[in-house]
Amino acid sequence: MVSKLLSIAAAAATFLATAAGVFGQSPVMTDPVGFTTLSCLANSDTYIGIPFTRPPEFTGTIRSASANTVVVNGDPNWSTNQFAYTASTQRNHYYLLIGAGGTSNPKEGHVYPVVANSSNTLNVDTRFDNLNGITSKTQIALIPYWTPLTIFPASNAGVTFTATTSSAFYKTQIRVPSTSTVGINLPYSAIYYFSNNVNGTSNNVGWRQIGDANTTDHGDDPLLPDSYFVVRNANGAPTLPLTAFGSVLMKKIAVPLFTLESGQQDNPIAMIRPIDVTLDATGLAPIDNSFTQSDQLVLIDAARQLDKQPQKVYTYNDGWRAAGDKSDHGKDIIPAGSAMLVRKAAKTGGATVYWVNAPSYVPATSLSPLAAGSRQTHANAGNFDTNLPASNGMGIEDRAAGSGNSYQVVFTFANPVTLTSATVTPGANATGSMFGSPIVSGNHITINLTNVSNAQRLLINLFGMSDGAITNDFSVPMGVLFADINSSGRTDNGDAIVVRNLSGSIPTPLTFRADVNRSGRIDGGDAIAVRNASGTSLP
């Protein structure tokens with residue numbers, strides 16, 4: 001079961017301290033450390049995102065990275081496969097976290113499971129994410145995963161959890177949401193319980209998995225650092241406190257969010273941050289495509305109950321909105337340790353996108369908008385924004401221009417901003433310019449464009465953008481290709497099929513791109529427009 005998220009902040013007390021000395025083999029001072037204490041409720045599901053990492057065992061920099069191998073600078077003199085899991089001798093699983101630095105760094109915040117090592121190299125699992133673009137002097141941290149046994153040690157039985165003696169009456173369970181199942185309302189990938197000689201066995205104490213042999217140890221199973229788990233206390237298991245100690249993550253972390261070609265996809269996530277964070281500061285935003293107008297962010301009721309239901313559902317439409325409420329909720333608080341669910345809308349190609357979460361307690365070095373959107377009116381259906389991400393040229397405006405081939409692009413920020421100037425750079429052999437001066441109003445900057453020709457990629461440049469603390473320039477690309485509904489970069493039969501499948505409907509945040517003539521209805525007029533434009537493409 002998914003769509004179950006519970007804020008633990010009301011029951012949590014967080015304390016941060018600074019640790020002197022070093023963990024493991026790092027030659028530098030460690031990150032701060034801290035702890036949280038929360039209650040795992042009786043006869044209830046408690047949703048938990050551990051807001052700390054386990055202490056890093058190495059921090060340093062990269063000499064080189066290629067294929068699946070990272071060579072570190074210096075001579076750490078590791079033992080062969082010191083960081084490879086062996087049940088009898090080395091009970092930790094490790095991941096490599098890519099930090100800042102390097103001449104280019106497209107993978108900052110990305111996480112790679114470690115599978116082997118030599119005296120100064122780390123071999124990582126690159127089946128789902130490659131090391132391309134990582135350069136020398138990029139910072140790294142080698143961190144052990146949390147496991148059932150490190151969160152709930154055997155010595156804490158009766159203190160933080162309740163052991164099970166009969167499989168007919170599981171007491172405390174650790175339920176891990178699936179991150180690989182397709183679709184929504186996903187099952188759990190694993191459910192653990194702590195055996196105290198369950199079902200009359202002997203010398204059978206430890207964490208076991210439901211569905212596996214009741215003598216097989218699962219205490220070392222790794223738990224993803226950027227996801228949550230659910231503690232279920234049932235069958236008489238009382239409310240007990242859980243205290244989690246760990247290191248405060250001072251680096252960014254990039255969380256993969258999976259999408260489907262057709263249909264929605266659930267992504268269970270958590271922030272590794274020990275303080276409350278506003279929605280605006282989560283890093284989920286249209287500007288990097290991590291959260292778009294058709295996505296949903298789900299939080300779960302904190303009431304004492306099993307199988308909890310959603311408490312709040314947020315969307316992003318020129319700011320954070322709550323279901324049934326059009327006011328801006330960007331300053332709503334996500335308490336430390338909260339579990340969350342990102343329900344991604346269908347996306348052409350079903351590509352994975354990355355949500356980059358930066359620590360709000362580390363001073364920011366650059367300012368960027370939360371969103372940039374090409375805003376058009378669809379008659380009585382209202383206004384809809386085509387998302388214009390800041391990178392990869394993925395934002396394509398496919399709808400008919402206004403009078404004089406005009407468009408309007410709106411930038412939305414977390415806080416009020418000022419601006420020195422703006423320019424528009426049309427694509428090669430194309431036209432487009434700014435009409436009038438930029439309009440700055442609170443946390444919005446509006447750029448009106450005119451004489452914009454079709455089938456081009458233009459660039460909108462903001463100069464001297466400032467929120468009072470940080471000032472920098474910012475540019476966003478905008479593709480313009482009439483009737484390219486599926487954003488493939490070419491108007492063709494694929495777009496015609498979209499119109500045909502939606503014909504007769506009123507445009508919504510999910511379907512507005514098919515209303516290419518902006519009539520407020522997807523119909524034959526749009527089909528004719530797509531047919532007439534077929535064969536055009538972006539350079």
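Author: Happy to! Let's begin with a term: a polar contact is a pair of N or O atoms within 3.5 Å, where, within protein, one must be able to donate a hydrogen and the other to accept it. Keep in mind that this is a predicted model.

Our close-up is helix 2, which covers residues 493-502. At its start, look for D492: a side-chain oxygen of D492 comes to within 3.1 Å of the backbone nitrogen of G494. Now go to the other end, where helix 2 is followed by G504, a residue with a positive phi, near 95°.

Next, bring in the partner of helix 2. Helix 3 spans residues 524-533, and the axes of the two helices come within 9 Å and cross at roughly 175°. Angles over 145 degrees count as roughly antiparallel, so helix 2 is roughly antiparallel to helix 3. You can trace where they meet: helix 2 brings D495, A496 and V499, while helix 3 brings D526, A527 and V530. Sorted by class, this contact has four nonpolar and two charged residues, with no polar ones.

The side chain of N448 makes a polar contact with the side chain of Q408, at 3.1 Å. Leaving out residues up to four places away in sequence, N448 also touches Y407, S433, M434, F435 and I439.

Now for the spaces in the model. The largest pocket has a volume of about 1700 Å³. Its lining is made of 47 residues, and those nearest its centre are K252, V356, A358, S366 and S368. Strand 6 (94-101) and strand 23 (353-357) each give at least two residues to that lining. By class, the lining of this pocket has 26 nonpolar, 15 polar and six charged residues.

There are also two cavities of 30 Å³ or more. The largest cavity has a volume of about 40 Å³.

Around the second largest cavity you will find M271, R273, I275, V277, I334, P335, A336, G337 and S338. Here the lining has six nonpolar, two polar and one charged residues.

Key. Residues numbered from 1 in each chain as written. Predicted model: local features only at pLDDT ≥ 70, side-chain atom pairs only at ≥ 80, totals over all residues. Heavy atoms only, no water. 1 Å grid on protein atoms, 1.4 Å probe; cavity = no way out; pocket = protein on both sides within 12 Å on 5 of 7 lines; lining within 4 Å. Points joined across faces, edges and corners; volume = space filled by probe spheres on them. Nonpolar A, V, L, I, M, F, W, Y, C, P; charged D, E, K, R; others polar. Contact = heavy atoms within 4.5 Å. Helix = DSSP H or I, 4+ residues; strand = E, 2+ residues; numbered from the N terminus. Axes fitted to C-alpha atoms, helices over the stretch in contact; angles between N-to-C directions. Parallel < 35°, antiparallel > 145°, perpendicular 65-115°, else oblique.
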